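Dear colleague,

My notes on it come after the structure itself.

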Amino acid sequence: MTFFEMTGTVIRSLFKKPATLMYPVRPGKKSSLSRGHVTIDPENCILCRSCQRKCPTGAICVEAKEKTWQIDRLRCVVCNACVDVCPTKCLTMDTQYTPPMTSRAGIYRTPVAGPKKKAPAATVPAAPAAELAEE
Amino acid sequence: MSKQVIIPFGPQHPVLPEPLHLDLVLEDETVVDVIPSIGYVHRGLEKLVEKREYTEYVFIAERICGICSYIHSNTYVSGVEQIMGLEVPERAQYLRTIWSELSRLHSHLLWLGLFADGLGFESVFMNAWKLREHVLDELEATTGGRVIQGVCKVGGVRRDISPEKLDEMVKGLKELEKELERLTNVFLYDRSIASRLKGVGMLGKEDAYYLGAVGPTARGSGVPIDLRQTGYNVYDKINFKPVVEMEGDSYARCIVRAKEMFTSIDIIEQCVKKIPDGPVDMKVTGAPNGEFFSRAEQPRGEVIHYIKGNGTKHLVRHRVRTPTFTNIPPLVKLLKGVQLADVPVVVLTIDPCIGCAER
């Protein structure tokens with residue numbers, strides 16, 4: 001049994017930098033594997049719906065007619081299942097978290113290219129962005 | 001006999017991060033009886049198994065608890081693998097063992113911090129959580145998640161750890177071990193902590209056994225139950241001894257957890273030395289048809305996952321018995337006879353995790 005068992009640790013801590021970060025002024029420590037949020041490369045999406053089927057929380061909604069890909073950030077549990085299953089690797093995992101929200105929002109919707117036609121001349125036009133913005 | 005009064009403890013209480021309600025029957029300041037009640041955070045996760053595919057359910061099994069998350073997914077996955085008769089690659093088994101021990105390490109550090117906070121020793125609380133941050137960084141660097149790792153899947157694991165990273169991890173843990181010694185010395189040798197905890201909340205060996213105590217609660221009372229000795233994952237290839245203390249008081253349970261952290265570091269080092277090369281996952285086809293009781297040692301004790309499938313993608317039944325649930329009868333026993341002022345500390349010594357217990 002002793003007294004002052006913590007004293008050594010306390011003195012050492014006095015001469016060290018703080019162990020905490022001033023988040024969000026300074027970004028948090030992240031590794032290359034960190035799961036922050038899902039991002040999409042709209043050019044390569046072929047609207048196959050694999051991500052929608054594999055999503056355990058139903059956060060992803062793919063509209064083949066309107067050629068849009070939508071994710072509800074507040075439903076997404078960042079499990080990486082969609083990124084693993086994506087056949088064209090258009091989904092990637094960003095290492096940083098999405099910023100905090102003050103209201104129930106977080107639905108991110110983007111027009112995507114859709115399946116590539118074989119004839120290179122007939123490129124598929126992206127879904128009209130103006131209409132989406134109004135929604 | 002003096003008049004009895006009932007004092008409600010919880011579901012909102014400064015020492016409890018989660019809602020557990022205890023009706024304390026007091027005579028003067030002494031607790032003579034306890035009526036526990038749970039049911040504040042029931043989420044019905046077991047029922048969800050009928051609506052999700054068995055491969056997707058791993059994510060939900062992992063979210064049963066926010067602290068022992070990894071071991072829940074590991075237990076569920078190994079149960080499904082046993083039903084389907086899958087031979088998981090050995091490297092994956094070693095990786096699972098490493099992550100299990102890292103998760104035990106961070107859980108015990110979290111508990112030591114919360115416990116010190118419960119005692120009013122706030123600097124130790126901050127110090128323990130600072131060390132825990134190192135373990136969480138290791139978990140994030142190898143799996144991608146801090147507390148929800150999401151790295152287990154049926155048939156193996158989703159991430160491999162490179163040999164360089166493994167060596168680096170062991171080096172980091174060696175340094176952590178020195179810091180940990182300084183931290184645990186406070187619990188092992190400091191007079192104020194010992195005088196606060198010794199002889200408080202006694203649970204005898206017989207009682208611990210018959211009331212179904214598990215994990216550090218049982219081992220603190222001299223019952224040498226450690227599910228890791230059954231040799232799931234690759235624990236049968238690792239040399240380790242479960243930490244057992246004979247006294248059965250709050251101090252003994254604290255010491256068990258403090259010493260177990262060093263066992264965890266030792267197990268990780270042995271795993272890194274023995275880990276073979278090879279694939280980390282395998283192709284899984286078909287669906288589980290049959291039933292299995294999968295058992296594992298969580299930081300808080302033994303967890304049992306009962307899994308029943310009927311050959312379709314959706315399981316029929318999934319039942320989890322978590323360590324906190326079975327530690328509640330011992331908690332009632334060890335609260336009898338303590339002073340009202342000691343109740344928060346004694347409740348903390350079983351490491352209650354109500355999110356687990358109610359699922």
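Predicted model: local features only at pLDDT ≥ 70, side-chain atom pairs only at ≥ 80, totals over all residues.

Chain A contains four helices and five strands, and, when followed from the N terminus, its elements come in the order α-β-α-β-β-α-β-β-α. Of the 135 residues in chain A, 19% are buried. As for how the chain meets itself, if one takes the contacts between residues at least 6 apart in sequence, 70% of them join residues that are at least 24 apart.

A:Lys67 has a phi near 55 degrees, which is a positive value in a residue other than glycine, and its place is in the loop that runs between β2 (60-63) and β3 (68-72) of chain A. Although A:Lys67 sits in a loop, this lysine is buried, because 21 other C-beta atoms lie within 10 Å and the cut-off for that class is 20 or more.

The second residue is A:Val78, which is likewise not a glycine and has a positive phi of about 50 degrees. A:Val78 is found in the loop between β3 and α3 (81-85) of chain A, and A:Val78 counts as buried because it has 22 C-beta neighbours inside 10 Å.

When you look at the model, you might begin with the loops that hold A:Lys67 and A:Val78.

Terms used:
Residues numbered from 1 in each chain as written. Chains lettered and ligands numbered in written order. Helix = DSSP H or I, 4+ residues; strand = E, 2+ residues; numbered from the N terminus. Buried ≥ 20, exposed ≤ 12 C-beta atoms within 10 Å, placed from the backbone. Contact = placed C-beta atoms within 7 Å.
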